[in-house]
Amino acid sequence: MKDVVNGSSQGGELLSHRSLNQRTIREPVYGIGIGVHSGEKVRITLRPAKPNTGICFLRTDVTGAVAIPASAEHVADTTLATSIAHGSVSVATVEHLMSALWGLGIDNLLVELSAEEVPIMDGSAAPFIDMIESVGVVEQSQARQFIRITRKIEVNQEDAVASVAPYDGFKAGYTFVANHPVYDQYPKYVEMDFANASYIKHVSGARSFGLEKELAYAQSIQKCLGSSLDNAVGLSDEGVLNEEGLRYNDEFVKHKLLDAIGDLYLLGKPILGAFSGFKSGHALNNKLARAILRCDDAWEIVTLKADIQSGAGMPILHGQIYDQVNSSQG
Ligand SMILES: [Zn+2]
């Protein structure tokens, strides 16, 4: 078993979304970190899983615990992070790992945790990408399934809005609405079409962030107990507190995009469509995922057939033919 404790990735692209088949990891790999909200030390072990088993989380510290499917319907709490639960057993802060798994095109995986919360690592998805790249990804025998959006679905919560709409590929746009003028120095909008932009290079490294003065409130509700400048970008009224500065000039809005991608991957399959988020956080992202599951006339499950004429140099997803598997998946 390989072990990876931490690190940052700007590593090679794995062309995950060109993959027509399901994928898992080559061999188990583990890492150690702390939960950002609990402050608790936790060991995370990723294990290969069989085709069509999806992503599941298993608490090894709870006697008799069963694996919890990484599914939008199991989301039990969205206060500052996304947590899933089955009965009385919960797993907290799954979104950055889920985002990394989407980015690498991992369909099947067992995630074992020695405590309740997924480790925060450096606050981004990059350390999870590094862990997985250290053991490698394997293609499996079954075709990968996608959720292809055929009609727009939109949800809102006060002035926040999130939607998915039909699109040939996967595109994601996000507008970050800041609650403090310090954010005005940085871009608040990002849109990426992952046919020609690398998630690993341009999104996975974006860290969690917050205002120094918001931390006291978060800690008063038993959140962010493990938060530090090692796992988040901290901001004072003047600017960034981290000595190393930002990884991207638009790191804040990109982190919100990273979160949304992770929250939506709780649908269990990658989306073919265009996501748009305006001020959308974990609660609204989950509301959108649940709305998608409910509106089963607004999407279909497809696999992708390789288009022989497209050639190897075609952008991800383009030049591929949809093969509808089931138009009324509930
Ligand atoms: Zn986040």
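Helices (H or I, at least four residues) and strands (E, at least two) are DSSP runs, numbered from the N terminus. With that in hand, let's walk through the model. It is a predicted one, so local features need pLDDT of at least 70 and side-chain atom pairs count only at pLDDT 80 or more, while totals for chains, interfaces and linings use all residues. Residue numbers start from 1 along each chain as its sequence is written.

Take D297 as a way in: you'll find D297 in the loop between α6 and β20 (299-305). Is D297 buried or exposed? A residue is buried if 20 or more other C-beta atoms lie within 10 Å of its own, exposed if 12 or fewer, and partly exposed in between, with C-beta atoms placed from the backbone. D297 has 10 C-beta neighbours inside 10 Å, so D297 counts as exposed. Now look across to R151: D297 and R151 are 146 residues apart in sequence, yet their C-alpha atoms are 8.1 Å apart in space.

Let's zoom out to the whole chain. The protein chain has 6 helices and 21 strands, and buried residues account for 44% of its 330 residues. Two residues are in contact if their C-beta atoms, placed from the backbone, lie within 7 Å. Of the contacts between residues at least 6 apart in sequence, 76% join residues at least 24 apart.

Next, some helix pairs. Two packed helices are described by the angle between their axes and the distance between the axes. Here axes are lines fitted to C-alpha atoms, for helices over the stretch in contact, and angles run from 0 to 180 degrees between N-to-C directions. For α1 (residues 95-104) and α2 (residues 126-135), the axes come within 8 Å and cross at roughly 50 degrees. Angles under 35 degrees count as roughly parallel, over 145 as roughly antiparallel, 65 to 115 as roughly perpendicular and the rest as oblique, and α1 and α2 are therefore oblique to each other. On the α1 side, H96, L97, A100, G103 and L104 make the contact, and on the α2 side F128, I129 and I132 do. Sorted by class, that gives 6 nonpolar, 2 polar and no charged residues. (Ala, Val, Leu, Ile, Met, Phe, Trp, Tyr, Cys and Pro count as nonpolar, Asp, Glu, Lys and Arg as charged, and the others, Gly among them, as polar.)

Then there's α5 (residues 251-264) with α6 (residues 282-294), whose axes come within 9 Å and cross at roughly 35 degrees.

Finally, a sheet. Two strands pair if DSSP finds at least two bridges between them. An open sheet of 3 strands runs in the order β7-β8-β9, with antiparallel pairing. β7 (75-77) and β9 (89-91) are the edge strands, each pairing on one side only. From one strand to the next, the twist averages 45 degrees. β7 is joined to β8 (residues 83-86) by 2 bridges, with V75 partnered by I84. Between β8 and β9 there are 3 bridges, and A85 stands opposite S90. In the β7-β8 hairpin, with 5 residues between the strands, L80 takes a positive phi near 65 degrees. The β8-β9 hairpin has 2 residues between its strands, and there G87 takes a positive phi near 60 degrees.
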